[in-house]
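The sequence and the structure come first, and my notes follow.

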Amino acid sequence: MADATNRFWSNDLGELSPYVPGEQPKIDDLVKLNTNENPFPPSPRVIEAIREAADAGLRLYPDPTSLALRECLAEYHGVTADQVFVGNGSDEVLGFLFRALFQRGRPVVFPDITYSFYPVYCRLFGIEPRTVALDDELAVDVEAMLAIDPTSVGGVILPNPNAPTGRLLSIDQVERLVAHFAECAVVIDEAYVDFGGETAIGLTGSYPNLLVTQTLSKSRSLAGLRLGFAIGDTGLIEGLTRVKDSFNSYPVDRLASAGAIAAYEDEAYFVQTRDAIIRMRERLTADLEARGFEVLPSAANFVLARHARHGGAELADALRERRVIVRHFVRPRIGDHLRITIGSDGQNAALLAALDEILAQG
């Protein structure tokens with residue numbers, strides 16, 4: 001069917017390689033540890049807020065500026081509402097910023113092992129990627145990035161903590177990068193920062209080229225709600241808004257906005273569940289190491305691990321046979337690793353039991 005319609009596609013569409021999200025299989029009794037979803041439900045306040053928003057009337061369009069949500073995020077992060085941009089998931093925010101800030105005729109710099117949506121957006125928008133190899137410890141090589149002539153690039157983007165490695169840069173390292181690349185936009189993608197990192201939002205007042213993105217999918221347990229945001233100088237935010245309003249004036253619906261506000265209002269629940277995940281991450285790391293795994297230091301809600309005697313594909317397949325799904329990347333340098341989401345106590349126990357069974361077989 002696709003071949004029959006190719007002649008109607010836009011030019012170069014067939015050359016695109018779309019992003020491949022983590023699998024969402026329909027398997028009974030599945031232990032799903034492949035997409036970094038939060039093992040805890042969202043705050044009960046979120047459910048109530050969504051119910052009230054639905055009762056208030058979905059026949060009306062939402063506020064195209066999402067002002068109430070932007071004001072909530074601004075107050076939480078100590079900025080002004082005109083420094084906040086919100087979108088339908090952080091992936092949409094990233095797509096908008098690639099179009100608004102990076103399409104400048106020069107390459108965009110990011111690590112060679114990182115979030116795989118970045119090269120997809122480069123291809124989509126005709127932007128040349130310039131990758132910088134992670135160091136021998138699979139950490140972002142800050143010195144190698146600082147060795148790049150800042151006038152030769154059109155933008156910089158990197159996750160902190162990095163994905164899929166979980167490695168974290170200090171805020172001082174982030175600031176060095178932002179200052180070095182002062183003539184282009186530097187985007188710090190903080191999807192996992194709540195699990196052990198320090199946000200760079202505090203630097204945005206000093207660096208007009210810095211944009212920080214975050215999501216409610218991970219630490220706020222709202223992956224199904226699709227809500228992401230960016231914070232930065234008002235000039236950067238205006239650029240994102242221009243792209244948004246040229247594409248879809250209403251990306252954030254009434255339910256998402258109400259649920260997101262409620263999530264930020266319940267700080268106690270956020271702290272409780274976040275701290276529990278950090279504790280479970282440290283415990284799972286120790287349990288994996290006791291079974292012969294090398295586990296990278298992680299500041300995220302996942303770990304990247306490899307076993308001395310078993311390849312990543314082999315272990316991923318064997319786990320799947322036991323109804324445990326983890327993420328395996330067929331990529332140089334991390335092909336023998338598994339990215340394992342921190343699950344509930346029961347899910348983590350099931351993972352370890354399956355691994356014990358596999359490892360016992362030799």
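Which residue forms a salt bridge with Glu357? I looked this up in the model, which is a predicted one. The partner is Arg322, and the closest N and O atoms are 2.9 Å apart. I then checked where the two sit: Glu357 is in helix α12, whereas Arg322 is in the loop between α11 and β11 (324-326), so the bridge ties together parts 35 residues apart in sequence.

Glu357 has a relative accessible area of 43% and is partly exposed. Arg322 has 22%. I noted that buried means under 20%, so Arg322 counts as partly exposed as well.

**Other salt bridges**

I found a total of 14 salt bridges in the structure. As a reminder to myself, side chains of opposite charge can pair when their charged atoms come close.

I picked out Arg320 and Glu23, whose side chains meet in a salt bridge at 2.9 Å, N to O. Arg320 is in helix α11 (residues 312-321) and Glu23 is in the loop between α1 (2-5) and β1 (31-33); the two are 297 residues apart, and the pair links distant parts of the chain. Arg320 is partly exposed at 36% relative accessible area, and Glu23 is partly exposed with 36%.

I also looked up Arg283 and Asp345, which form a salt bridge through their side chains (2.9 Å, N to O). Arg283 lies in helix α10 (residues 267-290) and Asp345 in helix α12 (residues 345-360), a separation of 62 residues. Arg283 is partly exposed, with 42% relative accessibility.

**The whole chain**

I then turned to charge over the protein chain. There are 34 positive and 50 negative side chains, and the centres of the two sets are 3 Å apart.

For secondary structure I noted twelve helices and twelve strands. The C-alpha trace spans about 60 × 55 × 55 Å along its principal axes. A compact globule of 362 residues would have a radius of gyration near 21 Å, and the chain agrees with its 21 Å.

Of the 362 residues, 52% are buried. The accessible surface is about 16,400 Å², and carbon and sulfur atoms hold 50% of that.

Last, I checked contacts with a separation of 6 or more: 73% of them are between residues 24 or more positions apart.

Conventions
Residues are numbered from 1 along each chain as its sequence is written. This is a predicted model: local features need pLDDT of at least 70, side-chain atom pairs count only at pLDDT 80 or more; totals for chains, interfaces and linings use all residues. Side-chain values use heavy atoms; hydrogens and water are left out. Helices (H or I, at least four residues) and strands (E, at least two) are DSSP runs, numbered from the N terminus. The radius of gyration is taken over C-alpha atoms; the globule rule is 2.2 Å times the number of residues to the power 0.38. Buried means under 20% relative accessible area, exposed over 50%, partly exposed in between (1.4 Å probe, protein chains only). Contact means heavy atoms within 4.5 Å. Accessible areas come from the Shrake-Rupley method with a 1.4 Å probe; for residues, only the protein chains shown count as cover. Lys and Arg count as positive and Asp and Glu as negative; His and the chain ends are not counted. The place of a charge is taken as NZ of Lys, CZ of Arg, CG of Asp or CD of Glu. A salt bridge is a side-chain nitrogen of Lys or Arg within 4 Å of a carboxyl oxygen of Asp or Glu.
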